[in-house]
Amino acid sequence: MRDVNDLAVAVAAVAALVASFTYYVAFGTQLERWGSAAAESPRPPSWLMPVELVRSLVVAVVVAGLAAAVGIKTGTGAVLLALSLWVGFPMIPLTGSVLHEKVQPGLAAIHGGDWLVKLLTITVIVSLWR
């Protein structure tokens, strides 16, 4: 992956973590309404942030490699890639959780929105910062 900027990947992972944290703070009331485990505790456990950072880093590495392999170098291309990844991956399992596991549609929508924010953040950063 010669075309991948390691610093961009690291920045994208941190930016995605911050964006996700901000997103969930904004939707805290709705999470409580649907009985999400994430809303039950006022403070997340101390081990959660490093784990989420690693998760974001893995996604950033994969997306950066994919964007480089496909040759995405524009903002429009980055947004289209992020939307494609979002529809094809997190939204399909989230839809399945609503259909088969009786997850509240609103809760799935909140989680889907978080994934959209993460994928847009990561994809734009790693695609444009080469």
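1. Basis. The model is predicted, so local features need pLDDT of at least 70 and side-chain atom pairs count only at pLDDT 80 or more, while totals for chains, interfaces and linings use all residues. Residues are numbered from 1 along each chain as its sequence is written, and side-chain values use heavy atoms, with hydrogens and water left out.

2. Salt bridges. The count is 2, where a salt bridge is a side-chain nitrogen of Lys or Arg within 4 Å of a carboxyl oxygen of Asp or Glu. Side chains of opposite charge can pair when their charged atoms come close.

3. Arg55 and Glu52. The closest N and O atoms of this salt bridge are 2.8 Å apart. Both residues lie in helix α3 (residues 48–70), 3 residues apart, about one turn of the helix; helices are DSSP runs (H or I, at least four residues), numbered from the N terminus. Arg55 is partly exposed, at 41% relative accessible area. The classes are buried (under 20%), exposed (over 50%) and partly exposed in between, with a 1.4 Å probe and protein chains only.

4. Lys118 and Asp114. The N to O distance in this salt bridge is 3.1 Å. The two residues are 4 residues apart in helix α6, which puts about one helical turn between them. Lys118 is buried at 8% relative accessibility, and Asp114 is buried with a relative accessible area of 2%. Beyond its neighbours within four places in sequence, Lys118 is in contact with Ala16, Ser20 and Glu52 (contact: heavy atoms within 4.5 Å).

5. Helix α5. Its buried residues are Leu94, Gly96 and Ser97. Viewed down the axis of α5, they fall within an arc of 155° and so line one face of the helix; the arc is that of the directions from the helix axis to the C-beta atoms. These buried residues pack against α6. The face turned away from the buried side carries the exposed residues Ile92 and Leu99.

6. Lys102. This residue lies in the loop between α5 (91–101) and α6. Lys102 is not a glycine, yet has a positive phi of about 60°. Most residues other than glycine have a negative phi. Lys102 counts as exposed, at 70% relative accessibility.

7. Nonpolar patch. Leu7, Val11 and Trp129 make a nonpolar surface patch of about 260 Å². Patch residues have over 30% relative accessible area and no salt bridge; nonpolar side chains (Val, Leu, Ile, Met, Phe, Trp, Tyr) are joined within 5 Å, like charges within 9 Å. Areas come from the Shrake-Rupley method with a 1.4 Å probe, and for residues only the protein chains shown count as cover. Trp129 lies in the segment after α6 (105–128) and is partly exposed at 36% relative accessibility.
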